[in-house]
Structure formats: structure tokens, C-alpha cells
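Biologist: I'm new to reading protein models. Could you walk me through one?

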Amino acid sequence: MSTQEAQELLSLHHVVMEFKVSRRATVRVLDDVSFSVKEGEILCLVGESGCGKTTSGKIAAGLLQPTSGEVRFRGQNVWTADKATFRQYRRGVQIIHQDPYASLNPTQRVEDILSAPLLRHKIARNRREAHQQVLDLLRTVDLTPPEDFIKKYPHQLSGGQRQRVSIARALTLRPQFLVADEAVSMLDVSIRVSLLQLLERLRDQMGVAYLFITHDLAVAKYFAWEGRIAVMYLGRIVEIGPTPQIINNPQHPYTRALLSALPEADPKATRSKQRVHLRSLDVPSLLNVPRGCSFHPRCPLFEEGLCDGKVPELHAASNGVQVACHLNENEKVAA
Amino acid sequence: MAEATQTPYTLKVENLRVSYQAERGKVKAVRDVSFTLQKGETLAFIGESGCGKTTLGLSLIRLLPTTAAIEQGKIIYHHNGEEFDIVNLSEKQLRRFRWREFAMIFQGAQNAFNPVLRIWDQFWETARAHGETNKRHLRERVEETFRLVQLDPDRVLRAYPHQLSGGMRQRVLIALGLLLKPPLVLLDEPTTALDILTQRSVIDVLRDLKSQMSFSLILISHDLSLAAELADRVATMYAGTLVEIATVWDAYYRPLHPYTAGLIRAVPTLSGERQDLVSIPGSPPDLISPPTGCAFHPRCPYATDQCRQNTPTLIEAEPNHMVACWHWDEVAADGGARMKEQVEA
């Protein structure tokens, strides 16, 4: 192996996550989810609400322990590793939440928010050092001049500025991996792009890898063009591969349906789009996931006896794409 | 056509000004907005949060909160040869006017229903308030509208709101809004918070309805792709003012206002290669003391002293293309390219 090749940084192996919903019933939110992210790589998780993308993000960030399966950071299983390794993992992986109005403590000034982790993890030895580092962090996220922001409370900042503070907070421990959970979804379009460009710059300058979670495939395409996209449906990854392949040549019927359903900010393109018609509009409940391929009640290509039998596994299709569809296995999916 | 000289309109708004009373002062949420909604057309209002588009919608149907007031302006409603100013309607007149003539479908379909009433009872209450006395007659009409929005009446009418999915609730709400066949409908963010496939079904339903029932539609949305999909004309709002009104084609392919040009270049698309995007520097202004001159000047790469001192008015720069910008000709000439340069600089 050449030294040029990026090392695997974080991976999930056959992760299952179940939550208790009543004394007897459990709901399986993630079912056999595996993926890995290399250093400096971008992996986008896309899918509709309830597909398990946020849970996957929380598991990757170590905020949730999976029911079964492994989370590995630099090859080590983090939940069986010793304390020092676990601490290293928690420092190396940080999360940016969706809602900058809820994720910052309203009673703390920007300086307190950012210096707490610096002092706690002894990255800064004293308050004065922390102050300097906070100023640097604010410059990194383009909150300039930083002196203007350091004494402010979150309510004195706009949504975009707050999200920059959240990003700065995620950067305090100099992580190698950031989980960005719908990090730009709540922001207005005119400032969304500048935030995405900031995240991109952090990757170029600091080599940060991303697990970028979004429901917006156009944002995924823009942000992860050089990376990969994983499409999730009802707790499983149904298709994963290089972004241009997923966007321009989707294999799974669900991915095709999503892409064809999305309206676009281009009147000609959006009005002339070929639509995939689903057999049902109802999303099945996670308490009662359909047998076999969980997409089969809605899938336009459904074949009785095949799709409602066995659960399809991810298998290699063309151009580095993996897809979990029985019809694709038999190469019956023709465009 | 006999009336070829004058296109029939549904709504004509003139110099509308709406303000909120806040502790720090008056928030000028809608500032001298004028536009005409043609009969049967879909006019989309786009703009970012806080630009005044929802306030504008609420004032059109006179549902502003008590802290807000219409300070000046006219909202002329026209239907079947009758014409009146909505601003002057009394509460009693408004009660009859709303829903029958002008239905508003709000964002957040989960909050629009009474949670302890079955869907049928919500329809019955609404219809009864507007003079319906015959349940069988109503049932027929409900079934007809449910077919249009692709809902199963037997199942849905017996359900409580919480038993329906978000997309179904949104479609029920659309059906409820259209129940009395109003000539004018206002939709505020109809697909926000819906999943992609559900959003598609709502968009398709709206398009079908438009082709089958001829109502005029005002669409309020921050989502430029929704406007691209449904609108005939697009109105861009910024800081409480209307800065551009154009056909959907001109708005997306030949915007004359730098802000519209910037917004359109800020949204990623799915088709084709990955394109470069633009972000508009700065943030929207404080509406208590908006900037002098053109409110967009602090963020605009085309701004000159003229923009800082004088407020541009909405003029017909090109046929059927209104814009409020001193430098629209420069934007037209370079296709809004300067919005992009600024980011790279």
C-alpha cells in the first residue's frame, strides 16, 4: 500500500440500533448499517425523515452506543477500547447540530461557549491562552473581527453567525472527523452556501473528514461531489457510491424516485423531469417494517415472490456503486 | 374577447404598508408594496425569512396579529364584476369573505386542525359556518375534492388529525381550503417540513387542481424550486419591499435585480455537473431602521452613491418585467455576474 492512500478513519460495522418504545415493543431504527470514512473524505447520508440518518450520525459521534455491531475509530472498536482510546475518539470526532437556536447555551457568551472545552481538555493551560485560541477559532469561521463577537450572547447573533459559533465549538478540540447533521438546513439560501464553503475549506486546510447528513440531495451533490453518498431507507443503506454516479446514474428504485421527485430551482428542468411513480405514498412504520425489501410496497418494479421474500444485501453494481436491490442482482433494472 | 383591452384581475394591491409595534420601535415589515394578481394566475412570492412575505399574506386576508396594523394602502378584490377594498371590510364582512372568496392554507398542517375533532367534523363545521345545512350534499362535495387531492374519503374522514401522516394532513388542508371553491387561494409554505416524496405528491396535486379549478393562487415560499415548479410569475421581496416581478422564465433566466440573481445562484441544482454557487454577503437588514436608499445596497456589488441615497421604485424595465433597481441595465448586461465575483474576491 502506498503512503499516499488515505487511512480509514471511522467505520460502522453491521450496526443495529433498537429503542424500547413500550414494555414489550422495540423499534429497530438501524438494521445492519456499515460504512467507512477515510481521512479527509466526505460521506453524505441522505434520506427522508425517520430513515435513520441522524441516529447513524449520533452513533458515529459516540453519542449513542449501538445495540449490536461495532464502531471503529482508527481500527479500534471504541466501545470495547480502554479509556484513553475512547477519550481520543471522543476528541477526534465532533458533531454540528441542525438547530443553532437550540444547540448553544443562551446564558453563555461566545467566549464561554468556546473556551470551556479548551480548558476542560487542557488544550489551553489558562484563561489567557484560551482567550487567544477563541479569537483564532472565530477567525477560522469568518466571524471577524473576533473581538466583536467574543462578548456576545447567542441571541445577539443571526442564525448564520450562530451556526458559525457551533462550527467553531466543534473545532475546539481539533477533530479529524465532523458529523454535520443538517448543519445548513435551517439557514436561508443566501448564507447557506457560505457555510458549505467554510466546511469545505476546513477539509482542505485541516484535512477534516465529514459525515454530512442531509435530506436535500442537491446540497449533498454540491458538498460531496468529490466524495460519496449513501442513501438510507427505513434504517438501511440501499445504495452507496461516488456522488456523480448516485446523482446522474442512480441504481436503486428508491434513489431514482427521490431524484425524480425533487423540484429544482430551474423552471425548464423541473417541469420537464421524468417522474417515477410509486405504488404507494405511505411510508411504512418502523414498528412494522415490510418483509423482504422494505421498499417493496412502494416500488414500481416490485416482483412478487422475489422482493417480498429475502432482504436484499448491498452488492457491487457498476462504477464503484453498491446497491441493495434484488432486481439489480439479476440485472433486470434497465433504465 | 370583448374585454381584450383589460385583463381581468383578482387582486390589486396598492402601496400597502404594514408595521408591527415592538418595544424598540416600529418594525416596517411591508413597505409600499403594489402588485396585481391576474385571474387564474399563480404568483409566487420568494425571499428569505424576515423579508415580509408572510406578513404580506396575512394582511391580504386581514389576519394580522393585534400588534400589527395596515398603515396605508388598498387591497382591491375583484370577482364577477364586483369590486371592493379588503382593507375596509368589517369583521362581519370578513367572516363571510374568508374561505368562501379567499382561502388561506398555512404552513404547518399539523397545527391547523382541531386535534379532538374527526376530519369529517372539521369539514362540517367549516361548511356550516358558511351556510351549508345538508350533510349529504356536503359529503358529495367532500368526496369530489378528496378525489382531486388523492385521498380515500372513507378512511380519512373518520380519522383524527394525529392519525394522518404529514402529507395527508397537508392534502386534507388543501381540500378543506378548496371546499367552497374560492376564486382566490393563498398558500404559505405548503411543502415545508414534508418529505421529498410527499412534497412531490402535494406539488402534483396543486398543479392538477389548478388545471381543473380555475382559481388565482398566491404562493409564499422561501423555496425557489417550488416557485420554479408552480409559478406563472415570481415576485421577489427584500426587507419588506417588492424588488422584482417577472414571469417565471424571466425571473430565473433573466433576473434584473441583483438580489434575485444572487438568490437563484445560491441554490444548488441536481441536473448536470456541479456548478459554482454564490452566497450573498452580509445579512438581511433590521426592519426597524432599514438602510437608506435601496435596502439591498449594503450587500450589493452594483451599489453606487445613488443607491445609498435614493430609493428606487418599481418600474417596468422590460415588457412585463418590473424591477426596483437603479442599475438593472448593468445586471441585465452581465447576467448578474458581479454577484459571483464578490464571493471570489
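Predicted model: local features only at pLDDT ≥ 70, side-chain atom pairs only at ≥ 80, totals over all residues.

Biologist: How many residues does helix α7 of chain A have, and what span do they reach?

Modeller: Helices are DSSP runs (H or I, at least four residues), numbered from the N terminus. The expected span is 1.5 Å times one less than the number of residues. Here α7(A) covers residues 189–206, has 18 residues and reaches 26 Å from first C-alpha to last, close to the 26 Å expected. After the helix comes A:G207, with a positive phi near 70°.

Biologist: Which residues of α7(A) are buried?

Modeller: Buried means 20 or more other C-beta atoms within 10 Å of a residue's own, exposed means 12 or fewer, and partly exposed is in between, with C-beta atoms placed from the backbone. Among the buried ones are A:V189, A:I191 and A:L199.

Biologist: How many residues of chain B are in contact with chain A?

Modeller: Contact means C-beta atoms, placed from the backbone, within 7 Å. By that rule, 34 residues of chain B are in contact with 35 of chain A. Helix α7(B) gives the most to chain B's side, with 6 residues.

Biologist: Is B:A129 buried or partly exposed?

Modeller: B:A129 counts as partly exposed because it has 13 C-beta neighbours inside 10 Å. B:A129 sits in helix α3 of chain B.

Conventions:
Residues numbered from 1 in each chain as written. Chains lettered and ligands numbered in written order. Helix = DSSP H or I, 4+ residues; strand = E, 2+ residues; numbered from the N terminus. Contact = placed C-beta atoms within 7 Å.
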